[in-house]
Amino acid sequence: MSVHKPNIKRVTTHQLQEMKNRGEKISMLTAYDFSMARILDQAGIDVLLVGDSASNVMAGNETTLPITLDQMIYHAQGVVRAINRAFVVVDLPFGSYQGNSRQALESAIRIMKESGAHSVKLEGGAEVRESIQRVLTAGVPVMGHLGLTPQSIYKFGTYSVRAKEEEEAEKLISDAKVLEECGCYAIVLEKIPSKLAKRVAETVSIPIIGIGAGPDVDGQVLVVHDMLGITQEFQPRFLRQYADISKAMREATENYIKDVKAKSFPNEKESY
Ligand code: KIV
């Protein structure tokens, strides 16, 4: 666990709420390891999500389903060691909370105890109400996740935009209210029409963080590997790529290989 520097003020759920109240947008990115988390924290990110997207971008799985609770805790430990300011949220992985509320509580407690993270996130609305309430009784802040919920990908069948039809949109609004009533401190809305996301952000008083949910929400989250251009295949419309790190890494590696083959690395100054 990290040793907190006392002169740096940590982000809290209370501060996130204040940010919504005064109209300051919340910045959130995923992180899965120490080195990356340290850079993002130094840059001033508000929230770091140890997302179960680690299953895709770190392990190369096609979906988020295979990642385990132990693996999520391992990723979270590295992230927590790196940060001084950011608020750290960890995804409860598939199969670690859907059984019953006791299972959800035990999984959340393991994450908090073994990683030192500040909060957990789980997917779903009314159907996970009991689990959320039970986790909250232990004093663990819970972030909700509605819209495209990747742990249900085999139910949806595709990763396309959710809640375009009225019935699903109404259910989403009702679920957002349930999550607020339960005591969630924030909700992620993934890949839904901007108009609907705006309606949700205006309907509930807790912060709404969007990914593919348009500009009229209280904050934005992206998968850091997508945002930095490390992943190359994934180019959804909602993604803005801020760097081309894969190009930089490939070029650096090609130069290293060239130098090794040419026997120009290491030189005298780089040797003992
Ligand atoms: O796991 C993840 O990266 C997420 C984001 C897409 C919000 O849940």
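Visitor: Let us take a polar contact as a pair of N or O atoms within 3.5 Å, where within protein one atom must be able to donate a hydrogen and the other to accept it. With which side chain does the side chain of D218 make such a contact?

Guide: In this predicted model, the partner of the D218 side chain is the side chain of K20, at 2.9 Å.

Visitor: Where does D218 lie?

Guide: D218 belongs to the loop that runs between β7 (208-211) and β8 (219-222).

Visitor: And is D218 buried or exposed?

Guide: D218 is buried, because its relative accessible area is 13% and the limit for buried is under 20%.

Visitor: What else is D218 in contact with, leaving aside its neighbours within four places in sequence?

Guide: Besides K20, the contacts of D218 beyond four places in sequence are E24, K25, I26, A201, I206, P207 and I208.

Visitor: Let us turn to the ligand. Which residues surround the ligand?

Guide: The ligand has T30, L49, G51, D52, S53, D91, K121, H145, V188, E190, I211 and V223 around it.

Visitor: How far is an oxygen atom of the ligand from the side chains of D52, S53 and K121?

Guide: For S53, a side-chain N or O atom is 2.5 Å from a ligand oxygen. The corresponding value is 2.9 Å for a polar side-chain atom of K121 and 3.0 Å for a side-chain N or O atom of D52.

Visitor: How much of the ligand does the protein bury?

Guide: The protein buries 95% of the 260 Å² that the ligand exposes when taken alone.

Visitor: Where does UniProt place the feature "binding site"?

Guide: The unreviewed UniProt entry places that feature at D52, S53, D91 and K121. These positions span 70 residues in sequence, yet no two of their C-alpha atoms are more than 12.5 Å apart, so they gather at one spot.

Visitor: Go back to D52, then. Where is its place in the fold?

Guide: D52 sits in the loop between β2 (47-50) and α3 (54-57). At 5% relative accessibility, D52 counts as buried. Leaving aside neighbours within four places in sequence, D52 is in contact with T64, I67, M72, D91, E123 and Q151.

Visitor: D91 is on that list. In which strand is D91 found?

Guide: D91 is part of strand β3, residues 87-91. D91 is also buried, with a relative accessibility of 2%. Not counting residues up to four places away in sequence, D91 touches L49, V50, G51, D52, M72, I111 and K121.

Visitor: Which residue does the "active site" annotation cover?

Guide: According to the unreviewed UniProt entry, that annotation covers E190. E190 is located in strand β6, residues 186-190, and counts as buried at 14% relative accessibility.

Visitor: What does the side chain of E190 make a polar contact with?

Guide: The E190 side chain makes a polar contact of 2.9 Å with the side chain of H145. H145 and E190 are both among the residues that surround the ligand. Apart from neighbours within four places in sequence, E190 is in contact with H145, L146, G147, L148, P150 and I211.

Visitor: One last topic: where does S131 lie, and what does S131 touch?

Guide: S131 lies in helix α6, residues 129-137, and is buried at 7% relative accessibility. Not counting residues up to four places away in sequence, S131 touches Y97, N100, S101 and A104.

Note on methods: Residues numbered from 1 in each chain as written. Predicted model: local features only at pLDDT ≥ 70, side-chain atom pairs only at ≥ 80, totals over all residues. Heavy atoms only, no water. Near = heavy atom within 4 Å. Areas by Shrake-Rupley, 256 points an atom, 1.4 Å probe, with all protein chains shown as cover. Helix = DSSP H or I, 4+ residues; strand = E, 2+ residues; numbered from the N terminus. Buried < 20%, exposed > 50% of the residue type's maximum accessible area, 1.4 Å probe, protein only. Contact = heavy atoms within 4.5 Å. UniProt positions renumbered as here; feature names shortened; annotations may be inferred.
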